[in-house]
There are 2 protein chains.
Amino acid sequence: MSSLDDVAKMAKVSVMTVSRVVHGDPKVKEQTRERVLEAIRILDYQPNAIARALSSNKTMNVALILPKIEHVLSEPYFGSIIYYLEKALSQHQYNLLIDSSEHGEKKEMSTLYDTRKVDGLIIIGSTISDTRIAALSEKNVPSVLIHARSELSGINYVDIDNHQVVDCLFSYLYKHGHSRIGMITGDLSVLNAYDRLVAYKNRMIASAIGYDEELVYEGDWTSKAGYDALQYFIGLSSPPTAVISSNDHMAIGFIKGASDYNISIPDDISVVGIDDIEIASFSTPRLTTIRQPIHTIAEMAVETLMRSIKDKGVRSSQTILHAELIERESCKTLVRA
Amino acid sequence: MSSLDDVAKMAKVSVMTVSRVVHGDPKVKEQTRERVLEAIRILDYQPNAIARALSSNKTMNVALILPKIEHVLSEPYFGSIIYYLEKALSQHQYNLLIDSSEHGEKKEMSTLYDTRKVDGLIIIGSTISDTRIAALSEKNVPSVLIHARSELSGINYVDIDNHQVVDCLFSYLYKHGHSRIGMITGDLSVLNAYDRLVAYKNRMIASAIGYDEELVYEGDWTSKAGYDALQYFIGLSSPPTAVISSNDHMAIGFIKGASDYNISIPDDISVVGIDDIEIASFSTPRLTTIRQPIHTIAEMAVETLMRSIKDKGVRSSQTILHAELIERESCKTLVRA
DNA sequence: CTGTTAGCGCTTTCAG
DNA sequence: CTGAAAGCGCTAACAG
């Protein structure tokens, strides 16, 4: 493992000169540069990132914080989001470090930042308490929330518009003649799940259909929950004609339940999901759902974070992304009575 | 951001004493220790991991290398493996860094190690070339392969036994009266896919059924490929009575295809998958498949890597794990002619 | 265009 | 039980 010094010695220059050519500083004589480059090649010199980090005070690492990883894991796009984050980050020469703070909830989210292992944090929403977010704000830790929000000063976030998502689904169903619309929620301790429920409630109330508690089934994102929801709904004296499932996995479970109980979807009951997982177009019937702009979410999050790392004074940035309806076959048009 | 020095000053001791209490060295007088601890508390001292790494030459980071992330992403357990790796690693105070070397194939896998950003590498198999593995071996980089193998000295790996997996499925099908058995492969540039195909071939040849090229459909892990495979197989003059799908996603696509073409599964044709994804028990029919011991794979990989980081002299370790058949309803018993 | 001087914050080594 | 000295490999800030 050769160092800057070794290269300097070999090329008969100072370490600074070597450092300069490594950094592509243009004001190095062409001749010198070549001599240095040659030495670097011969010694197979690779800069030591740790030493660099210590003296420059920049680690070129970013942590992805997964507050309650079990939830996050059940989200189908967990893998994709890591993929796109890594991709965007690598464009900036940054590396991605995974941290599941599940193991020790009392540990502050910013530990990795406090110990100087990373320059900033990307935090996947779900169940972050306000006090934990407040701690970030106070310490002025460069960070960005995904799928979570906060109006505290200095807190950046990028999120999808859960209200738009539910509105879109609701309107679609309503347009197709449904008014007795049920909902299967995700784990309500997760913000996404909660927001979607609220949006649903609002729409039910606003549309003069009225909100009926009986029409919401509290799930937990799993297919099993969707399966159970089907049983619950058909047991009702007046079942819904359509249901909105907070994610596709539950919708798939719902469909399976229907098949087991000889209920026809969409003839007897319609269902729509959220996520557009791969399987959604291979269920029977194919699932009508909402596609999330994961790629964009990741890119925006990285851009925001990079900005806040570079310039800690920058005011906070909020991004709300919209999602797109993918119409397939799990809904039928109802002729209103 | 306070440093060891600050604490030392406040507690009126040397930095070494502070360092000792931070590391829990028992030979520090109780009184002194308390004074130091108090100072640490007051100053909210957090050790600087970078400085520590520079002087101790250990980063306490491990990289997860994903050679071709698109493939890896399509594997359903991608998220889980990250989860379990992180969990096992954190037990050793290690952090997980994600690196998709996709972005620049010429870059050596060990770059992160060479630049001292990590102490070792966990490499997810798929499409690693032998020369890249050889480079690791030569440089003596602490590392472990998952889902890949190599007999080069110093190369550790943990893998599932693809032959056992396929044998198990094959025997199950055979026991149920099937002999004309087809196969849907994954992307054949991925080792897992290739090995499974070879295992299938071997069994076909060995069992006097004979190997018939017509019976293998080359897929790419996606549900779409499974769907297309169904069409292909039913188009054959003599279709298989059962097919082994290299993963569950393709099996689900296959099932959907059958439903679209009015073929009954398992009555007209049986199918088995590999992975046991959540949805596998919510398809119609529920999918018979093989469950992979992901949790164990991750733990073994971490143990192996930790050992090789600690003691570079240690001889290489090979672990082959077995998987378990999950019997559900996608297979029927055939009465042999 | 190139070099010198100081550290970054910790650990290692050797002395007491 | 405690401390002093040296240095990990690099960069920043000035000189020249």
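Mentor: Let us begin with one pair of residues. In strand 7 of chain B, B:Tyr217 is the bridge partner of B:Ile184. Strand 6 (residues 181–185) of chain B and strand 7 of chain B pair in the parallel sense over 3 bridges; two strands pair if DSSP finds at least two bridges between them. Helices (H or I, at least four residues) and strands (E, at least two) are DSSP runs, numbered from the N terminus. This is a predicted model, in which local features need pLDDT of at least 70, side-chain atom pairs count only at pLDDT 80 or more, and totals for chains, interfaces and linings use all residues. Residues are numbered from 1 along each chain as its sequence is written, while chains are lettered from A and ligands numbered from 1 in the order in which they are written.

Trainee: Which helix packs on the sheet of chain B at about 165° to strand 6 of chain B?

Mentor: The helix in question touches strand 6, strand 7 and strand 8 (242–245) of chain B; residues are in contact if their C-beta atoms, placed from the backbone, lie within 7 Å. Axes are lines fitted to C-alpha atoms, for helices over the stretch in contact, and angles run from 0 to 180 degrees between N-to-C directions. Helix 11 (residues 223–235) of chain B lies across these three strands too, at about 150° to strand 6 of chain B. The helix at about 165° is helix 10 (residues 191–206) of chain B.

Trainee: What is the order of the strands in the open sheet of chain A?

Mentor: The sheet has 4 strands with parallel pairing. Strand 7 (216–218) and strand 9 (270–272) of chain A have a single partner strand each, so one side of each is left without a neighbour in the sheet. Strand 6 (residues 181–185) of chain A is joined to strand 7 of chain A by 3 bridges, and A:Met183 has A:Val216 as its bridge partner. The order is 7-6-8-9.

Trainee: At what angle do helix 2 and helix 3 of chain B cross?

Mentor: In this contact B:Thr17, B:Val18 and B:Val21 of helix 2 meet B:Thr32, B:Arg33, B:Val36 and B:Leu37 of helix 3 (residues 30–43) of chain B. The two helices are therefore roughly perpendicular to each other (angles under 35 degrees count as roughly parallel, over 145 as roughly antiparallel, 65 to 115 as roughly perpendicular and the rest as oblique). Their axes come within 10 Å and cross at roughly 90°.

Trainee: What rotation superposes chain A on chain B?

Mentor: Copies are superposed by least squares on the C-alpha atoms of residues with pLDDT of at least 70 in both. The shift along the axis is 0.0 Å and the RMSD is 0.1 Å, with a rotation of 180°. That is the relation of a two-fold axis. Of the residues of chain A, A:Leu97 comes closest to the axis, at 2.1 Å (C-alpha), and the rotation is 180°.

Trainee: Which element gives the most to the side of chain A that touches chain B?

Mentor: The contact takes 42 residues from chain A and 42 residues from chain B. The copies meet through the same surface, because 100% of the interface residues of chain A are also interface residues in chain B. Strand 2 (95–99) of chain A is among the contributing elements, and 3 bridges join strand 2 of chain A to strand 2 of chain B in the antiparallel sense. The most, 8 residues, comes from helix 6 of chain A.

Trainee: Which element gives the most to the surface near DNA strand D?

Mentor: Of the 22 residues around DNA strand D, A:Ser3, A:Leu4, A:Asn48, A:Ala51 and B:Ser55 come nearest; a residue is near a strand if its C-beta atom, placed from the backbone, lies within 6 Å of it. The surface divides into 10 nonpolar, 9 polar and 3 charged residues (Ala, Val, Leu, Ile, Met, Phe, Trp, Tyr, Cys and Pro count as nonpolar, Asp, Glu, Lys and Arg as charged, and the others, Gly among them, as polar). With 5 residues, the element that gives the most is helix 4 of chain A.

Trainee: Which element gives the most to the surface near DNA strand C?

Mentor: A:Thr32, A:Ser55, B:Ser3, B:Leu4 and B:Ala51 come nearest among the 22 residues around DNA strand C. The most, 5 residues, comes from helix 4 of chain B.

Methods:
Contact = placed C-beta atoms within 7 Å.
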